[in-house]
Amino acid sequence: MHWGLIGASRIAAGHMIAALRAQSGWKVTSVLSSDSARGAVFAQDNDIASSFTDLDALLAQSDVDAVYISTTNEKHHAQALAAIAAGKHVLCEKPLAMTLEEAVEMVQAARDKRVIFATNHHLRNAGSHLAIRDLIRSGRIGTVLSARVFHAVSLPEQLRGWRIDNPAAGGGVIPDIAVHDADTVRFHLGEDPVEVVAQSAASGLGRGVEDSVMSVWKMPSGVMVQAHESFTHRFAATGIEFHGTDGSIYARNVMTQQPVGEVWVEDAQGRHEVTFDTHDLYVRSMSLMDDAIRGEGRPSADGMDGVKSLAVALAIKAAADSGAAVRVDYGGV
Ligand code: NDP
């Protein structure tokens, strides 16, 4: 399997190239950048044979079977449609697109073309989150009553570009982080939020975009979900909690790209530590992508998961902007 990178991005260099190369027989053959000099440097730094500035030229290469799209968010839609039309499998970064209609179109196009389409939601691959989901599914905490997500961080200096000042490129903490939390909660509870209320703020970094948001989601089962995402919290730990009739699951430092953190259950007998695997999140995700391409399963997060996480994020944005409760529109899918 030969991969082309669409986007000379930090996430590609920092995590995904290694995760792609960790799969048996997978090679990264080319990269697309809008800037030929940056693309050439990126290719050289990452030991990639070819760099392109023209998407069609990259897609025309016989040694590109699949593409990983990690450009800024407003570019995902057109680039994914072009790759799908060229018959390539697609791994696309979150959020899939700027609008729900675009995201649905991407997933539908992949279905029609019979190529695999996956969304790069990494958290559901973490050993910590897999352990949490198993605890919930096995009934360890009884009937789940509520969930709390703590995902307020300090945005690293090197990421303080389009994320904090460019709404047209998909900046803001809601498309950046809330979309991951939507996927993670859906993964754990196995159901999709129906309605949200929210408030957002610019609390130090955001210029023309929100850098902080708090929201409350109504789930079909009645579980209440509370989520907090921010770019401006220097000393806040991340975490997720699920509270049930028979116990509570606590997890700290688990809303991260690293295979770290702490998980424990509190119940009538006290505190019980939970052990979990510490594999690389992105390597596991690409292993499932490999299976899916070979017709032996589904990606960790598929296109519909990307549509649904975007739908929740868009509802949070609309609720924060309007001050009203907003029903989540999944576009009829
Ligand atoms: P970057 O800012 O690193 O890259 C985005 C684009 O910016 C690149 O495609 C590149 O354009 C351009 N660019 C990169 N470096 C420079 C530079 N030094 N000067 C000018 N332009 C530059 O974005 P991220 O890697 O942080 O994010 C990319 C995508 O991945 C987003 O959709 C984001 O939401 C997602 N993401 C997902 C994560 C996950 O864990 N799933 C984690 C982080 C990001 P060009 O290609 O034209 O050269």
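What follows is a chat about a predicted model of one protein.

Q: Hi! Which domains is the protein divided into?
A: Hello! There is domain 1, covering 2-121, and domain 2, which is made of 123-283 + 310-327.

Q: How far apart are the C-alpha centres of those two?
A: The centres of domain 1 and domain 2 lie 26 Å apart.

Q: And how many residues of each are in contact with the other?
A: On the domain 1 side, 19 residues are in contact with 22 residues of domain 2.

Q: What's the lining like by class: how many nonpolar, polar and charged?
A: The lining of the largest pocket divides into 14 nonpolar, 22 polar and 8 charged residues.

Q: Where does the largest pocket lie relative to the domains?
A: Domain 1 and domain 2 both give residues to its lining, so the largest pocket lies between them.

Q: What volume does the second largest pocket have?
A: Its volume is about 240 Å³. There are 16 lining residues, and those nearest the centre are Met98, Gly170, Gly171, Pro175 and Lys317.

Q: Which element supplies the largest share of that lining?
A: That is α10, with 4 residues. Helix α8 also supplies at least two residues of the lining. By class, the lining of the second largest pocket has 10 nonpolar, 4 polar and 2 charged residues.

Q: And where does the second largest pocket lie?
A: Since domain 1 and domain 2 both give residues to the lining of the second largest pocket, it lies between them.

Q: Which residues line it?
A: The largest cavity is lined by Val104, Val107, Gln108, Arg111, Met304 and Val333. Helix α5 (residues 100-113) gives the most to this lining, with 4 residues.

Q: Now the inside of the protein. How many residues has the largest nonpolar core?
A: The largest nonpolar core has 75 residues. Val67, Phe117, Trp217, Phe242, Ile249 and Ile316 are those with the most contacts inside it. Helix α10 (residues 303-322) gives the most to this core, with 10 residues. Domain 1 and domain 2 each provide at least three residues of this core.

Q: You named Trp217. What does it touch?
A: Leaving out residues up to four places away in sequence, Trp217 touches Asp181, Ala182, Val185, Pro193, Glu195, Val196, Val223, Met224, Val225, Ala227, Val312 and Ile316.

Q: Let's look at Gly239. Where does it sit, and is it buried or exposed?
A: Gly239 lies in strand β11 (residues 239-244). With 0% relative accessibility, Gly239 counts as buried because buried means under 20%.

Q: How far is Gly239 from Arg252?
A: Gly239 and Arg252 are 13 residues apart in sequence and 4.2 Å apart in space, C-alpha to C-alpha. Gly239 also touches Arg252, along with other residues including Phe150, Asn253 and Met255.

Q: Asn253 came up there. What is its phi?
A: Phi of Asn253 is near 60°, a positive value in a residue other than glycine. Asn253 is found in the loop between β12 (248-252) and β13 (262-267). With a relative accessible area of 42%, Asn253 is partly exposed.

Q: And Arg114, what is its phi?
A: Phi of Arg114 is also positive, near 60°. Arg114 lies in the loop between α5 and β6 (117-119). Arg114 counts as exposed because its relative accessibility is 76%, and exposed means over 50%.

Q: Last one: which peptide bond is cis at Pro95?
A: The peptide bond from Lys94 to Pro95 is cis, with omega near -20°. Pro95 is found in the loop between β5 (89-92) and α5.

Technical notes: Residues are numbered from 1 along each chain as its sequence is written. This is a predicted model: local features need pLDDT of at least 70, side-chain atom pairs count only at pLDDT 80 or more; totals for chains, interfaces and linings use all residues. Side-chain values use heavy atoms; hydrogens and water are left out. A nonpolar core is a set of buried Ala, Val, Leu, Ile, Met, Phe, Trp, Tyr and Cys residues joined through side-chain atoms within 4.5 Å. Buried means under 20% relative accessible area, exposed over 50%, partly exposed in between (1.4 Å probe, protein chains only). Domain bounds come from an automatic or database domain assignment. Contact means heavy atoms within 4.5 Å. On a 1 Å grid over the protein atoms alone, a cavity is a set of points where a 1.4 Å probe fits but cannot get out, and a pocket is an open set with protein on both sides within 12 Å along at least five of seven lines; lining residues have an atom within 4 Å of a point. Ala, Val, Leu, Ile, Met, Phe, Trp, Tyr, Cys and Pro count as nonpolar, Asp, Glu, Lys and Arg as charged, and the others, Gly among them, as polar. Grid points are joined across faces, edges and corners, and a volume is the space filled by probe spheres set on the points.
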